[in-house]
Amino acid sequence: MGRIASMDRNAFEQKARTWRQKALSVCISCGAGKDEAEDIAQDVMLRLWQMHNELERYQSVEAIVALMAKHLLRNRQRRKPSEMFDEAMAISLNTSPHEELEMKEDDIWLSAKLQQLPTTQRALMYMRQVERRSHEEIAQLLGIETTSVSTLLARARRTLLEEIKRRNQI
């Protein structure tokens with residue numbers, strides 16, 4: 001995009017649509033829903049405006065937008081497990097002690113089955129399901145191909161599904 005001269009309000013407004021669209025597309029390509037992507041794009045624009053006097057220092061504001069969007073999305077996704085915990089607490093208020101005991105037993109059983117997975121598959125499941133990492137991120141971290149990530153995750157899920165079917169005698 002090249003260097004931007006002094007960024008006044010008019011110049012910012014002219015570029016804002018492009019930057020907002022970039023933030024939206026980055027979020028959606030990283031797996032965010034439309035509403036979540038909109039929220040993050042709005043946060044990105046607010047942060048850009050807060051630093052509008054400094055934007056001239058950057059060669060590519062679009063790269064900054066993409067980076068901000070990815071980081072904000074990742075931070076949101078990392079907070080989600082605690083939100084799920086709150087949901088679990090609400091569910092437990094509406095369940096009987098017997099149902100709660102069954103759910104606890106299911107959790108223990110599933111944890112044991114996860115521990116029985118090969119180390120790589122277990123690590124991949126953790127990175128994908130708990131840390132909410134993309135296939136590309138996992139591949140980069142482990143130094144493997146993205147297709148290998150997909151294959152290993154599919155194997156792990158298939159193994160767990162077979163165990164669940166066996167347990168439930170389906």
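Mentor: A residue is called buried when its relative accessible area is under 20%. With that in hand, let's look at this predicted model.

Trainee: Happy to! What share of the residues in the chain is buried?

Mentor: Of the 170 residues, 27% are buried. The accessible surface of the chain comes to about 11,700 Å², and carbon and sulfur atoms account for 51% of that surface.

Trainee: And how many helices and strands are there?

Mentor: The chain has 7 helices and 0 strands, giving the pattern α-α-α-α-α-α-α along the sequence.

Trainee: Let's turn to the rings. How many aromatic pairs are counted?

Mentor: The count comes to 2 aromatic pairs. One of them joins phenylalanine 12 and tryptophan 19, at 5.5 Å centre to centre with 70° between the planes.

Trainee: What makes the pair of phenylalanine 12 and tryptophan 19 edge-to-face?

Mentor: Two checks. Ring centres must lie within 6.5 Å to pair, and planes over 60 degrees apart count as edge-to-face. At 5.5 Å and 70°, phenylalanine 12 and tryptophan 19 pass both, so the pair is edge-to-face.

Trainee: Which other pair does phenylalanine 12 form?

Mentor: Phenylalanine 12 also pairs with tryptophan 49, at 5.0 Å centre to centre and 70° between the planes, again edge-to-face. Phenylalanine 12 lies in helix α1 (residues 9-29) and tryptophan 49 in helix α2 (residues 34-50), so this pair ties together parts that are 37 residues apart in sequence. Phe12, Trp19 and Trp49 form one aromatic cluster.

Trainee: Why is phenylalanine 12 called buried?

Mentor: Its relative accessibility is 7%, which is under the 20% limit, so phenylalanine 12 counts as buried. Tryptophan 19, at 0%, is buried too.

Trainee: And why is tryptophan 49 called partly exposed?

Mentor: Tryptophan 49 has a relative accessible area of 32%. Buried needs under 20% and exposed over 50%, so a value in between is partly exposed.

Notes
Residues numbered from 1 in each chain as written. Predicted model: local features only at pLDDT ≥ 70, side-chain atom pairs only at ≥ 80, totals over all residues. Heavy atoms only, no water. Helix = DSSP H or I, 4+ residues; strand = E, 2+ residues; numbered from the N terminus. Buried < 20%, exposed > 50% of the residue type's maximum accessible area, 1.4 Å probe, protein only. Areas by Shrake-Rupley, 256 points an atom, 1.4 Å probe, with all protein chains shown as cover. Phe/Tyr/Trp six-rings, centres within 6.5 Å; stacked < 30°, edge-to-face > 60°.
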